[in-house]
Amino acid sequence: MSATVAVRAAGLRAELSPLAPFFCLYVSFGATLGFLSGGAPLILRSRGMDLAEVGLLQLINLPVGLTFLWASLLDRVRLPFLAHRIGWIAATLGLTVALLVVLSLGESWPLGLLLALAVLASACIATMDIALEALVVETVPAQRRTYVASAKLCGASLGGILGVGVLLGSYDALGWRGAVLACAAMDALCLLPILAYPEARLRGAGGTPHRWSGSFARLRTLLGPILALGAYFAASYLLSGPNTLALLDLGVPLARVGFLTGTVLPVVNLVMAVLAAGLVTRFGTVRLIAAGGLGVLATGGLMAAACATGATGLAVAATVLNFVCGGILGVPVFNMIYRWAQGPRPATDYALLFGAAFFAAMPLRVASPALAGWVGWPGYFAGAMPFYAAAVAWLALAVARTPRTDPEAR
């Protein structure tokens, strides 16, 4: 029996160890963006900042949606050190660390300067992400990308726990400089495993990319998925993003809301990311998207009812259920992004698929708090539900049609 357990443990280690470098970099991604943009809206709203002004803080995330503007540079140019993709990962994450060190010195600097440094750091970590996704597409076989998508969401969730839950929760003890330097040190440590990744040896393991006649032909091919993803990201934030702001307005204490955002949400996402890889294999991508979408719609209805009646307990329960149902969708959505990015320029393709879609959702991310302040929370959640239902149906249709048009998606 002990020999069997040892063999199984060795097999599990062999399966998981190739995912470790990806997992670590996703931890860095989640921790950095979580620290820079996750806690500030809640803190400032608790101090009385207007909902419209809170929405403007979403601009810290803007570079995530603009990576398609410079992604082609990552495909065309190889830096004069390390392998192609790993060189860009090391350069951009190293620059992120440097910017965080500078940011740690600026507790008393003007808000505009701090915001500019935060946006630059966000741009660097977002660029690291598209280089990493290109590495996945080029070196990981298609049948294993579901597990990489799971590692991505697990790592980003753990990063959220560390960047929001731990660093923000320890802010009183660490202070500004200590918290920012801790985030920088975490990024530096998370870079080390990928430096030993055998990119050159594994290049091509992701499959032979389709050759397109030109950039416009590729853009035409990706336009449908980009539009479907853009509608989905916008609708997801519209229905789920402002939940914690609604909890604050219902009178839920900031400490409890912060616990939900910085601990419960990333833990739920981590668990669902682990489970979702097996669920995709068993039930299929379309069915899982449909199930998760129906669950999110149900939680939207619960939030509307809770806000209308002032039921804080129901609102907290609906928020947690929203975390669970939304977490189901992460792995199948990112697995499809990897499949759609199976082209001759995967960094550019991924940036178009994720970045352009994310950018398309930015106006709603910025405007949704102001919209809620105008119509009231019950009307806001009720009005967001039809848009979300249509967006999920569009995404599921795009996924369902992929096997007929893209052999790599089978």
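Modeller: Let us start with the aromatic rings. In this predicted model, Tyr232, Phe233, Phe334, Tyr350 and Phe354 together make up one aromatic cluster.

Colleague: How many aromatic pairs does the structure hold?

Modeller: The structure holds eight aromatic pairs. One of them joins Phe334 and Phe354, a tilted pair with 5.7 Å centre to centre and 45° between the planes. Phe334 belongs to helix H16 and Phe354 to helix H17 (residues 346–375), so this pair ties together parts that are 20 residues apart in sequence. Phe334 is buried, at a relative accessible area of 11%, and Phe354 counts as buried at 11% relative accessibility.

Colleague: Why is the pair of Trp377 and Tyr380 edge-to-face?

Modeller: One looks at the angle between the planes, for which edge-to-face requires over 60 degrees. The planes of Trp377 and Tyr380 are at 80° and the ring centres are 5.6 Å apart, so the pair is edge-to-face. Trp377 and Tyr380 are three residues apart in helix H18 (residues 377–405), which separates them by about one helical turn. Trp377 is buried, with 9% relative accessible area, and Tyr380 is buried as well, with 3%.

Colleague: Let us turn to charged side chains. What is the general idea?

Modeller: Side chains of opposite charge can pair when their charged atoms come close. In this structure the count comes to six salt bridges. Among them is the bridge between the side chains of Arg85 and Asp75, at 2.8 Å from N to O. Arg85 is part of helix H7 (residues 84–104) and Asp75 is part of helix H6 (residues 71–76), so the pair ties together parts that are 10 residues apart in sequence.

Colleague: Are Arg85 and Asp75 buried or exposed?

Modeller: Both Arg85 and Asp75 are buried. Another salt bridge joins the side chains of Lys152 and Asp129, at 3.5 Å from N to O. Here helix H9 (residues 145–169) supplies Lys152 and helix H8 (residues 111–139) supplies Asp129, so the pair ties together parts that are 23 residues apart in sequence. Lys152 and Asp129 are buried too.

Colleague: Over the face of which residue does Lys152 lie?

Modeller: Lys152 lies over the face of Phe29, at 5.9 Å from the ring centre.

Colleague: Which residues are linked in a network of salt bridges?

Modeller: The network links Asp75, Arg85, Glu138, Glu199 and Arg203. Within this group, the side chains of Arg203 and Glu138 meet in a salt bridge of 2.8 Å, N to O. Arg203 lies in the loop between helix H11 (199–202) and helix H12 (215–240), while Glu138 lies in helix H8, so the pair ties together parts that are 65 residues apart in sequence. Arg203 counts as partly exposed at 37% relative accessibility, whereas Glu138 counts as buried at 15%.

Colleague: With which residues is Ile89 in contact, leaving aside its neighbours within four places in sequence?

Modeller: Ile89 is in contact with Leu25, Met128, Ala131, Leu132, Leu135, Leu191 and Ile194.

Colleague: How many disulfides does a search of the whole structure find?

Modeller: The search finds zero disulfides. A disulfide requires two cysteine sulfur atoms within 2.5 Å. For Cys183, the closest cysteine sulfur is that of Cys190, 9.4 Å away, which is too far for a bond. Cys183 is buried, with a relative accessible area of 0%, and Cys325 is buried with 14%.

Colleague: Is Arg287 buried or exposed?

Modeller: Arg287 is exposed, because its relative accessible area is 63% and exposed means over 50%. Arg287 is found in helix H15 (residues 285–309). The C-alpha atoms of Arg287 and Pro332 are separated by 9.9 Å, although the two residues are 45 residues apart along the chain.

Methods
Residues numbered from 1 in each chain as written. Predicted model: local features only at pLDDT ≥ 70, side-chain atom pairs only at ≥ 80, totals over all residues. Heavy atoms only, no water. Buried < 20%, exposed > 50% of the residue type's maximum accessible area, 1.4 Å probe, protein only. Contact = heavy atoms within 4.5 Å. Helix = DSSP H or I, 4+ residues; strand = E, 2+ residues; numbered from the N terminus. Phe/Tyr/Trp six-rings, centres within 6.5 Å; stacked < 30°, edge-to-face > 60°. Lys NZ or Arg CZ within 6 Å of the ring centre and 35° of its normal. Salt bridge = Lys/Arg side-chain N within 4 Å of Asp/Glu carboxyl O.
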